[in-house]
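Visitor: Please take a close look at one part of this structure for me. Stay with that part, and give the cut-offs as you go.

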Protein chains: 2
Amino acid sequence: MSKQKKKVVIIGAGFGGLQVIKTLANQKEYEILVVDKKNHHLFQPLLYQVATAVLSPADIAIPTRSITTKYKNVKILFGDVSDINFQKKEIVFQNNTESYDYLIIATGAKTSYFGNAHWENKTLGLKNLRDALSIRRQILLSFEQAELIGDYEKSKSLMHYVIIGGGPTGVELAGSIAELSHNIIRKDFRNIDSGMTKVTLIEAGPRILNAFSESSSQFTKLKLESRGVEVLTNSPVLDITDSGVKLKDRFIESKTVIWAAGVEGSNLAKKLPLNKDKANKIIVDEYCRTLEYQDVFVIGDAANFSKGLTKPLPGVSPVAMQQGRYVGKFIQSQEKQKQMAPFQYFDKGNMATIGRTDAVAEFGIFKLKGILGWLGWLFVHLVYQVGFKNKVSTLLSWVWSYLTFRAGSRLIQEEVQDLSVRP
Amino acid sequence: MSKQKKKVVIIGAGFGGLQVIKTLANQKEYEILVVDKKNHHLFQPLLYQVATAVLSPADIAIPTRSITTKYKNVKILFGDVSDINFQKKEIVFQNNTESYDYLIIATGAKTSYFGNAHWENKTLGLKNLRDALSIRRQILLSFEQAELIGDYEKSKSLMHYVIIGGGPTGVELAGSIAELSHNIIRKDFRNIDSGMTKVTLIEAGPRILNAFSESSSQFTKLKLESRGVEVLTNSPVLDITDSGVKLKDRFIESKTVIWAAGVEGSNLAKKLPLNKDKANKIIVDEYCRTLEYQDVFVIGDAANFSKGLTKPLPGVSPVAMQQGRYVGKFIQSQEKQKQMAPFQYFDKGNMATIGRTDAVAEFGIFKLKGILGWLGWLFVHLVYQVGFKNKVSTLLSWVWSYLTFRAGSRLIQEEVQDLSVRP
């Protein structure tokens, strides 16, 4: 009895998509097509380290093709999916059409400006390698420009970095920029003292790291302050202009404003005629399926999974990965006419690094702070993340770069005439 | 008796400029200003490996600031020098003016199209990191496009790479592209066989590697051919169009044409009212000085040094480095009112790699071929080059990347919608 192969189409090879791939890899009943708009899988939790010149792109990204080389039933095509025809069960990308039996939307999220679209070109976001390299270039160039001007008073706004959003990304960026300017590159300049650089972290709510316990949050604030970061809470941003950031009681002059305050569903999600929440995340049922189509799944940051919960699952990689594995298994059960229990998230906790050898980590009732938190953070990032755990070369290269402050990461690839510091 | 410090201005921190810096570093009689248009010193001999996705930019480039951190008398400013006023002894860059007592022009060379300026946007050059990343992106994307088309006949011109110029760079690119497509990425695709990729190396003259002996040249041709590279000699290019390259007896359809056929003096050199040769290289005397000004030196690829020689010194890094050291010492002698002997180039020989474990190297009467040549090449590149020899971290990272075929180097940093294969 020959059986028709089922075609599983996955849009996006991030943490979620990759797990679907791995679950169904080399199983001859399935033909898998992955469509992505970038050629690499990105270890997003370390993106801030590329942005702050600690790591190089190649340290945190792997070409998706090289991950799936051994999976004979997996085909990858690069393209930006522009539409989905749910009736005909087809996706459309780059003038191509591909049909599916099962579709997994794993397109992630993009930076959200909460209705202030005009802030987009006044700030730098951090969602992909290109963003990270733009932040890096902006930071390094503003030091160069200050060195050229050679006068601290005249280059104050060049040497003041503002990060908006006190979540893990904001905290990590702030700590890392302070470390870069106050320590790593301090002896490199002759006209300016990069130790005088100001870093301000702005949070609209009453405390930073609000997904963490009060005590971790307080600890992080104190640690950041001792590292020379100014932490402003209860400070909603009123406006962002070419010269800086306007708060209720203050205007901060800055040429570099980084936006780490929020995300929303991808451009594709926005377009699709599906039930979505206010942030354009697609609402899914307890099996990670869309409410409309039982053969269409949404996982990771693209989804709003809140069935039976008081609030939606957070946009973190463990959620995406667990959902990816779940959906892979769900499809298998489906094919075997078996029933699957609803998806349940196993919360492994929260982590944020404040600087080298300093972090906060919470695993259920366990809370780690300082160097222990940092070691926990290191362990989880280096060892636990599936997809990288067998990549010894990437791992060693990462450790090496991280421990040696590899200067190569401070490269600006373009020449000066192609460059300008943002307005 | 207090003596006025002498101000030495160096334009360009390549192999030559760096040696001047090192020679005069931490000598309190000299105040050194380096002006460069990129923020890094580039190990140019390995640039082709970034272009062919073997290495990452951070493996072959070091921020110039991090090299000079310890040299207290060295200041670096980034900018594109737009003019020099030899009478007033001043250089002009980015609206700044800086005076000099001694000036060293070490601006290198740029790609030359021998009067066929319209070929520039039909081909890819290879002089800096940006060029290398463009070639890498173009090569990787053309495979992606072919995979998307899924038909070899229809994507023939995408899978045919043409390299014009049979010098070391052309040979290295051809060998490396053949290795990439025929071996490294071959199992990554499902619709196409990247092993069917064609690579053609075109040389106008009677043999490739014409600076080498006949036997090395012949050996290289045979080795390249055995690695699947088509080598065409006596084949001057008549025209380059959007669809490919026109030769006397043949038109090669190709979407990727790489130009490695020649260089000329920098844009700055072009502008200066100095004695120059046809390729805009500044003619210098036996002390590496311009013919016009005794306090202005030109070294490396920017210079034409042919005093007492049958032909000008070649544009290779040892020439630049030796001239850099010489000029540093010359300035010191000058200050001590001592006479220096004219510059003499100590020729260490020629090397070109054909592929992993295969190279030709000639040191005087010694000729190494194959694996021995490759080991010689490896030794010289890894150990001998001053400026990198103490950089253990760069070294290890390089060896590691090279030996493990680190996949991270196959990154395309942009997203698909930002990309298109060149015409």
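Guide: Domain bounds here come from an automatic or database domain assignment. On that basis chain A has domain 1 (6-111 + 263-335), domain 2 (113-261) and domain 3 (350-409). The model is predicted: local features need pLDDT of at least 70, side-chain atom pairs count only at pLDDT 80 or more, and totals for chains, interfaces and linings use all residues. Residues are numbered from 1 along each chain as its sequence is written, chains are lettered from A and ligands numbered from 1 in the order written, and side-chain values use heavy atoms, without hydrogens and water.

Take the interface of domains 2 and 3 of chain A. There, 19 residues of domain 2 are in contact with 17 residues of domain 3; contact means heavy atoms within 4.5 Å. The buried area is about 1400 Å², with carbon and sulfur atoms giving 57%. Buried area is the accessible area (1.4 Å probe) that two parts lose on being put together, summed over both.

Now the charges. Side chains of opposite charge can pair when their charged atoms come close. A salt bridge is a side-chain nitrogen of Lys or Arg within 4 Å of a carboxyl oxygen of Asp or Glu. Glu179(A) pairs with Arg356(A), closest N and O atoms 3.8 Å apart. That pair links distant parts of the chain, 177 residues apart: Glu179(A) is in helix α6, Arg356(A) in the loop between β22 (350-355) and β23 of chain A. Helices (H or I, at least four residues) and strands (E, at least two) are DSSP runs, numbered from the N terminus. Another salt bridge joins the side chains of Lys223(A) and Asp358(A), at 3.6 Å, N to O.

On the domain 2 side, the elements giving two or more residues are α6 (168-184) and α7 (214-226) of chain A. The largest share, seven residues, comes from α6(A). That side divides into eight nonpolar, six polar and five charged residues. Ala, Val, Leu, Ile, Met, Phe, Trp, Tyr, Cys and Pro count as nonpolar, Asp, Glu, Lys and Arg as charged, and the others, Gly among them, as polar.

β23 (358-363) and β24 (366-369) of chain A run antiparallel, joined by four bridges; strands pair if DSSP finds at least two bridges between them. Val360(A) has Lys369(A) as its bridge partner in β24(A). The two strands form a hairpin with two residues between them, and Gly364(A) in the turn has a positive phi of about 55°.
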